[in-house]
Structures are given as structure tokens and as C-alpha cells.
Amino acid sequence: MAIQTDFLTYRLTIGLSTMEGRGFYYPSDTVIGHNHHLYVLNRSLEGVDRGIRVTMCDLDSAYYGTFGSYGESDGQFVWPSGGAVDAQGHIYITDEYLHRVSAFDASGTFLATWGVHGSGAGQLEGPSGIACDGQGNLYVSDTHNHRIQKFSASGNPLLCFGVQGSGNGQCHLPWGLTVGPNGDVYVADWGNDRIQRFASNGAFVASYGEPGRGHGQFTRPASVAVDPEGYMYIADWGNERVQVLDPDGGFVQNLRGEATLSVWAVNFLNVNKEEGAARARANLEPEIPLSDPDDPHEVSSHIEKYFWSPMSVKLDEAGQLYVTESNRHRIQIYGRTA
């Protein structure tokens, strides 16, 4: 397929950096609920207790409150990492530090938790990505065990596949994952700089990408989403971008970020007049001498509209792509170009 520059078009931004209440603080993932609510997992910073919570909002920036907090009790988190939703609207959240999965209803009420720390069958070591299949089962990236595990909704182990390595079907620190339209499991194989595809029974199907900064190459991919046509959307975390691949793995489009002010940010600047005035005077795309102009991280850290630590990509029913950026505490949303 020919390279396109307009496959996806930027639409809007949601978010505001806050440690409590309405806003996000170093978000790691976004779950799109069946009630059209967004559940944004706020991981905060390592060693910082404040800010850890799940923020509930929607595409129009309506705010519905938060749930969860720092801690090890039921319904609490230390390092919330990935989230998924099942057909009943239940929200499942992995905790990389506590080596467990917690379940909540759509309002954020705690339901259950499961997970045992270890490397044996059904045990977890730093789980991250999580996705639900059409039968209500959950696939979990068992990151530090370098494998994928499949569980029932109540946590009963059903399947395990992948071992540490770089060969086909092997993994090195797998991170985000998703279930494709035909039930195949797509895994962001973070340490191997590629996307791997497995059948629902764990059999290897295909591998996409290689290390690098070019088209179709990856540096520590963090997340993958797949639409009904089979197009893949990859959060190319180490390259500070999102790439779109066609169903065969061919390169389609590269996104660097086009963020504008969110509704929450506009409200904040309207209330805080001095900050609003300072921003209006600022050059938001300055020409700054960079030690390495080819380093995506250095470039992104200086240009506000660009992605900076894109951690997660998710698709809604309308085909809109939600890109969760940790370092800028926001979600950029893109849609298919008409």
C-alpha cells in the first residue's frame, strides 16, 4: 500500500495536569467503556503517592469523578498499568507493582482482585497490557515473565504462551496488547522492537517491524490497536510517535502529534489570567539548539503539540484513535479522514 499522509486526521485533545480530581497525572492507559465514558489510569511518578487514581470523563470533556487511590488494599493501586473492558462493562486494571488484576463496575465500585506473584503457571510478574476477547476471557502481558497469559474473568488461568527470546513467538518484556477482529492477539513486544501476532490458542502467526526510526520500524513499542479492517495502530513509545500499518504490515502513516488546548486547559487559562497571558505571548514552537536534532525524545520535550511518551492507543466504536500521552497528561484523538 502507498504511504499516506492523511489516513488519520487530528480532532481534539482531552486532559489537564492535576494530581487530584478533574485531570490526569502521568496516565498510562485509557479504557473506552460501553457507556462512552473514558477511564484514564493515572500512574503518577514512582515514589509519589498523590495522583494515582482512575479519572472518568468522556469525549466532550464531561467529568464523572474518580476512583481508586494509592495503596495495597482492595480497589487501590501502586503502579496501575493497563486497562480493559468486558461485555458487561466491567473494568479490569493491571498493577505492575502488586502483580494483580482488579475489577470494577462501570461506576468504579470495586468488585474483585486476583493474581499471585511468581513465575509459575497462572502467576504474574509485573503485568502490564490487558485485553478482553469475545468470550469474556482476558489476555495479560506478563511482562517480566516474558509471556502472555489468558485468564477467565475471575482469574482462572487458561493458557500461557511465549518465552524470553527474540525468535518468532518469543517475547522480551511484552507490554500492550489487543485482540483483533478475528480473535488473534497482537502484542507490542517492547524489548524486541516489533509487533507480534498470535492465534487465540497462542500459535505464532506473524511479526511486524524491526528496530529503528524509519517507516515501519520501532523503538520500544508500548501499545497496539487493530481496527475491523485489520489496520494496526502502534504507540511507538521510544520514537515519540504513532504509526499506522496496513493489515499486511505495510507502512501507511506516521503521526507526531498535533495537540491543541483541551476544554479543561482553556477553562484553566481563562480563570488564571496571568498564566493565560503568558501562554499567549509564548512561542510554542521555538527553534532551540538541540544536542541531537535527530533524537525524537529531545524534539518532543520542547514542542508542546508533539507526542511525549505515547503510552497507549485505543479505538472506539466510531474508529477514532485515542493516544494517551504520559508526560503531557493528555489524550490526543484522531479520526479516519473522510
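This is a predicted model: local features need pLDDT of at least 70, side-chain atom pairs count only at pLDDT 80 or more; totals for chains, interfaces and linings use all residues.
Biologist: Next up, charges. How many salt bridges does the structure hold?

Modeller: Side chains of opposite charge can pair when their charged atoms come close. This structure has 13 salt bridges. Take Arg50 and Glu20, whose side chains meet with 3.5 Å from N to O. Arg50 sits in the loop between strands E3 and E4, and Glu20 in the loop between E1 and E2, so this pair ties together parts that are 30 residues apart in sequence. Arg50 is partly exposed at 46%, while Glu20 is exposed at 54%.

Biologist: Which salt bridges have both partners buried?

Modeller: Two examples for you. Arg147 and Asp142 meet at 2.7 Å, N to O, and both of them are buried. Arg330 pairs with Glu325, with 2.5 Å between the closest N and O atoms, and those two are buried as well. There's also a network: salt bridges with shared partners link Asp227, Glu229 and Arg336.

Biologist: How do I read a strand? Are the residues on the faces of E20 buried or exposed?

Modeller: In a regular strand the side chains alternate between the two faces of the sheet. In E20, Ser223 and Ala225 are on one side, Val224 and Val226 are on the other, and all four are buried. E20 pairs with E21 (residues 232-236) in the antiparallel sense, over four bridges. One of the partners to look at is Met232 in E21, bridged to Val226. The hairpin has five residues between its strands, and Gly230 there takes a positive phi near 100°.

Biologist: Which residues other than glycine have a positive phi?

Modeller: Most residues other than glycine have a negative phi. Here, His36 has a positive phi near 70°, and Arg220 has one near 55°. His36 is placed in the loop between E2 and E3 and is exposed, at 58%. Arg220 is in the loop between E19 and E20 and is partly exposed, at 28%.

Biologist: Last one: how much space lies in the largest pocket?

Modeller: Rolling a probe the size of a water molecule over the atoms shows where empty space is left. The largest pocket has about 1100 Å³ of space. It's lined by 49 residues, and the closest to the pocket's centre are Ile32, Val85, Lys314, Leu315 and Asp316. Strands that give two or more residues to the lining include E2, E6 and E24, and E20 is among them too. By type, the lining has 24 nonpolar, 17 polar and eight charged residues.

Key
Residues are numbered from 1 along each chain as its sequence is written. Side-chain values use heavy atoms; hydrogens and water are left out. On a 1 Å grid over the protein atoms alone, a cavity is a set of points where a 1.4 Å probe fits but cannot get out, and a pocket is an open set with protein on both sides within 12 Å along at least five of seven lines; lining residues have an atom within 4 Å of a point. Grid points are joined across faces, edges and corners, and a volume is the space filled by probe spheres set on the points. Ala, Val, Leu, Ile, Met, Phe, Trp, Tyr, Cys and Pro count as nonpolar, Asp, Glu, Lys and Arg as charged, and the others, Gly among them, as polar. Buried means under 20% relative accessible area, exposed over 50%, partly exposed in between (1.4 Å probe, protein chains only). Two strands pair if DSSP finds at least two bridges between them. A salt bridge is a side-chain nitrogen of Lys or Arg within 4 Å of a carboxyl oxygen of Asp or Glu.
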